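The sequence and the structure come first.

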Amino acid sequence: MKKAFVIGFPIKHSRSPLIHGYWLKTYGIEGSYEAIEVAPEALPAFFERLRTGEFAGGNVTVPHKEAAFRLCDIQDPETAGIGALNTLDVVSGADGLRIHGRNTDFYGFAANLDQQAPGWAEGVDAAVVLGAGGAARAVAARLAASGIGRTYILNRTPERAHRLARELGGTLEGRGLGDWPRVAPQARLVVNTTTVGMGGTGFEGLDLSLLPPDALVTDIVYTPLETPLLAAARARGLRTVDGLGMLLHQAVPGFESWFGVRPEVTRQLRQIVEQTL
Ligand code: ATR
């Protein structure tokens, strides 16, 4: 029986056991997926436990995404530049088991837009990422890889945006939030990666009327499902995509590698998770 896990601190609010449990049942797989609370100081010992082969792999959530990245033996080349990960695979090496790490938020962000707004990157000359924290890294890296002409990272603390753009390179540019009026008129894609929106909070002074009329606004916050930013965008007639799909899609590659079936993100799964929000 294959076993997988999600580790975090705290971990009881994680929806990952619900998502993976649903797929295990749907595909009739004899496996398990459990939430394990691991305190930051216990993370290295947990990695040692993984090297005993008890688990096929698992997910990593807050606050371990950066520390786990540093503890891995092998990094996925496509997502190593992000500097944070959410998915681990236990693989055989020449001298025993090794821990392979990758960031499937990078994949989930795009897969959600592919499903909800097909062609989302086509002909987009400029995009805006709001925020420059941990969650912004995977999104900005994905946009840099998507053929979008320029991606502006706008952050309350501009230095953090400059640093992130410098680290990830490519077509990214770091700015302060005050630059919104200068970049918004060209931005056909806006992604909120900040914590603004959680619990119904909103941005001050982000004038959505400056965006092109066909702009797509998406949020990675999913509590509430329709954040004030998405509600304001919808009220202006802009296209919107909520953040729940990214949570569901980021889970797909991990499940596939641990349990051997590529699972589908269905309407029913979405409804089941939505009921817990
Ligand atoms: P995460 O790992 O979830 O991204 P984080 O690293 O703490 O969390 O980053 C939170 C992001 O939300 C940051 O970009 C933060 O801006 P600062 O870098 O200036 O702190 C942003 N943020 C949080 N509260 C905000 C607010 N009230 N207005 C604008 N941005 C905010």
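## Chain and helix packing

Among contacts (heavy atoms within 4.5 Å) in the protein chain between residues at least 6 apart in sequence, 69% join residues at least 24 apart. The model is predicted: local features need pLDDT of at least 70, side-chain atom pairs count only at pLDDT 80 or more, and totals for chains, interfaces and linings use all residues. Residues are numbered from 1 along each chain as its sequence is written, and side-chain values use heavy atoms, with hydrogens and water left out.

The protein chain has 11 helices and 12 strands, taken as DSSP runs (helices H or I, at least four residues; strands E, at least two) numbered from the N terminus. Further values for the protein chain are tabulated here.

| Property | Value |
|---|---|
| C-alpha box along the principal axes | roughly 55 × 40 × 30 Å |
| Buried residues (under 20% relative accessible area, 1.4 Å probe, protein chains only) | 51% of the 277 residues |

Helix 1 (residues 16–26) packs against helix 11 (residues 267–274) at an angle of about 145°, with axes 10 Å apart. Axes are lines fitted to C-alpha atoms over the stretch in contact, and angles run from 0 to 180 degrees between N-to-C directions. Leu18, Ile19, Tyr22 and Trp23 of helix 1 meet Gln268, Leu269, Ile272 and Val273 of helix 11 in this contact.

Definitions and conventions: Buried < 20%, exposed > 50% of the residue type's maximum accessible area, 1.4 Å probe, protein only.
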